[in-house]
Amino acid sequence: MPLFGSLYIGASGLQTSQNTLNTTAHNMANTDTKGYTRQQILLGTRSYINLSTSASAISYQQYGLGVFYSQTRQVRDVFLDETFRKESGRLSFYETNTKVIEEMEDLFGEFQGVEFSESLTNLWKIMEDLYEDPCELTNQNMFISRCDQFLTRASLVYQGLCEQQDNLNKQVENMVEQINDYGEELVAINKQIMRLETGDTEHANDLRDRRNLILDELSKLGQIRYEEDFNGVVSVKFEGVDFVTSDLVNRVELYTDKETGFHTPYWRQLANYKVNSRGERELDLDAARLFNPTQKISTTMNTDIGSMRAALLARGEKRATYQDLENEKTYNRDISQSLLMNVQAEFDRLIHYVATTINDVLEQAALSEPDTNYLKDADGNPYRMFELISEDPEMGFSIRNMIVNEELKREPGNLSFRLKDDSEDKQAIRNMLNAFESETYMLNPNLQTKTNIRRYYDALINQISNTGEMNKDFQAGQEATINETFSAREQVLGVSSDEEMEFMIKFQNAYNASSRYINVIDEMIEHIINTLGR
């Protein structure tokens, strides 16, 4: 082999060793950088020069032209990436549910410094006092005051549940904006990678790191599927629908309900229009929804993935009332899977039971004295403790559609509980107490265990608590899974400073060896020239 050719071999060793040292230093500098993937150097041999290709020889006579720096690749495990992203989405789902339930527990446990259960207890106590002396004006006044307090605090709690829905609704809006931003950035990165890697002149590893970090974050919002083509372009499906292609983002749009203000995410490319019963053209979301709210939540079906799905389910589609519990089929389809709508409906049913029970007892007592004005207003109608704001049958005796009788608040003595013969009507109060103790009430159509009004609230709180504990157990299990998957993934793509230091020493020695090799060749050439020159 020519001596001057040997210099090129040494130079290739120097150049390659310098590049490997630069890559190792780059790894060490990004040890704590979020989303960074360890880079690995691939070396290759240059083409050989054949001196002889005789078939009689054991092997060809040839010499090499050195080494070259073929590629710097990212060290990743596709299976671990997919597992981590899917399980991250599932963890986000249960984290969102757990947070919603904790806020509900805070709402019911302590509202403006006073527990709601206290108002229900106070109502029961005043009814007991009223039974002892039903004609005492103080007791009558206190009874009306306790009913008003009960309804006021119930309204505050229900309003708190509505505010939770509004907060989740705002979160949904922010999530959709974030998803679209991620999509736009993925398209921009795809274009940059194609431009940089055209002609195989550069491998855009740092851009891939950013893209992988976006996919990690996107997977927390919903279920994703992705693949990279031969040009380095990643296409993404979000919830089974094409979201990102090489140069296009199918943006997620928001439909806002005019009555509730709730946002519904949908795919614009899948949406159609229809004509409603009033002849108006409106958006048809049946096939365009991002998520199907009636779809059963199941780990097996992977329908428990993504914080956006959890937020939409927890929020629900409307403000639920006791009437949503009347039809079992409708309840199971529209209400049961929503944390907030389910509790709204069950809580509203408690208030409905209390109001209608007291009203019914007062009406029955008034009708038992047909020839008197006992418990009747100026028009001869039986007094109702709780009156409707609107007579709309679709609202009924719901929290938002009730007030305490203003006339009784002004004249509590109208609740005389004194019969025509001047005797005390203790039976009416006894009927009220018995109705509160009657085991005839259920939280929802799926529960067969019956309870009474006094224990209904405790059953509701226990249900919320049990649901919260169940979600916390799921969350804890997911956290353990994520930690194991994260550790396994970090062992593959994470940077170990000790390992990189070993590589640094190895490549430094290789650089020194190439340098010494060039020095030897240089000395040989110098010796030959000096010798022959004489």
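In what order do the strands of the open sheet come, and is the pairing parallel or antiparallel? The 3 strands run in the order S5-S6-S7, and their pairing is antiparallel. This is a predicted model, in which local features need pLDDT of at least 70 and side-chain atom pairs count only at pLDDT 80 or more, while totals for chains, interfaces and linings use all residues. Residues are numbered from 1 along each chain as its sequence is written, and side-chain values use heavy atoms, with hydrogens and water left out. Helices (H or I, at least four residues) and strands (E, at least two) are DSSP runs, numbered from the N terminus.

**The open sheet and its helices**

- Strands of a sheet pair through backbone hydrogen bonds, either parallel or antiparallel; here, two strands pair if DSSP finds at least two bridges between them.
- The sheet S5-S6-S7 is open, with strand S5 (224-228) and strand S7 (241-244) at its edges. Each of these two has a single partner strand, so one side of each is left without a neighbour in the sheet.
- From one strand to the next, the twist averages 30 degrees.
- S5 pairs with strand S6 (residues 234-238) in the antiparallel sense over 5 bridges, and Ile 224 has Phe 238 in S6 as its bridge partner.
- Helix H4 (residues 137-197) lies across S6 and S7, running at about 65 degrees to S7. For such angles, axes are lines fitted to C-alpha atoms, for helices over the stretch in contact, and values run from 0 to 180 degrees between N-to-C directions.
- H5 lies across S5, S6 and S7, and runs at about 160 degrees to S5.

**Arg 210 on helix H5**

- Arg 210 lies in helix H5 (residues 205-221). With 35% relative accessibility, Arg 210 counts as partly exposed; buried means under 20% relative accessible area, exposed over 50%, and partly exposed in between (1.4 Å probe, protein chains only).
- Leaving aside residues up to four places away in sequence, Arg 210 touches Glu 185 and Ile 189, where contact means heavy atoms within 4.5 Å.
- Arg 210 and Leu 186 are 24 residues apart in sequence, and their C-alpha atoms are 9.0 Å apart in space.

**The S8-S9 hairpin**

- Strand S8 (residues 252-256) and S9 pair in the antiparallel sense over 5 bridges, with Trp 267 in S9 as the bridge partner of Val 252.
- The two strands form a hairpin with 6 residues between them, and Gly 261 in the turn has a positive phi of about 80 degrees.
- In strand S9 (residues 263-267), 5 of the 5 residues are buried, so the strand is largely enclosed by the rest of the structure.
- Both faces of S9 are covered, with His 263, Pro 265 and Trp 267 buried on one side and Thr 264 and Tyr 266 buried on the other.

- Helix H8 (residues 339-367) has 29 residues, which at 1.5 Å a residue should span 42 Å; the expected span is 1.5 Å times one less than the number of residues. The end C-alpha atoms of H8 are 42 Å apart, which agrees.
- H8 is mostly covered, as 25 of its 29 residues are buried.
- Rings of Phe, Tyr and Trp (its six-membered ring) pair if their centres lie within 6.5 Å; planes under 30 degrees apart count as stacked, over 60 as edge-to-face and the rest as tilted. By this rule the count comes to 14 aromatic pairs.
- One of them joins Phe 108 and Phe 347 edge-to-face, at 5.4 Å centre to centre and 70 degrees between the planes. Phe 108 lies in helix H2 (residues 78-109) and Phe 347 in helix H8, so the pair ties together parts that are 239 residues apart in sequence. Phe 108 and Phe 347 are buried.
- The rings of Phe 116 and Phe 347 have centres 5.0 Å apart and planes at 65 degrees, so this pair is edge-to-face too. It links Phe 116 in helix H3 (residues 116-132) to Phe 347 in H8, 231 residues apart.
- Phe 108, Phe 116, Phe 150, Phe 347 and Tyr 457 form one aromatic cluster.

**Charges over rings**

- Arg 430 lies over the face of Tyr 131, 4.6 Å from the ring centre. A charge sits over a ring if NZ of Lys or CZ of Arg is within 6 Å of the ring centre and within 35 degrees of the ring normal.
- Arg 489 lies over the face of Phe 84, at 4.1 Å from the ring centre.
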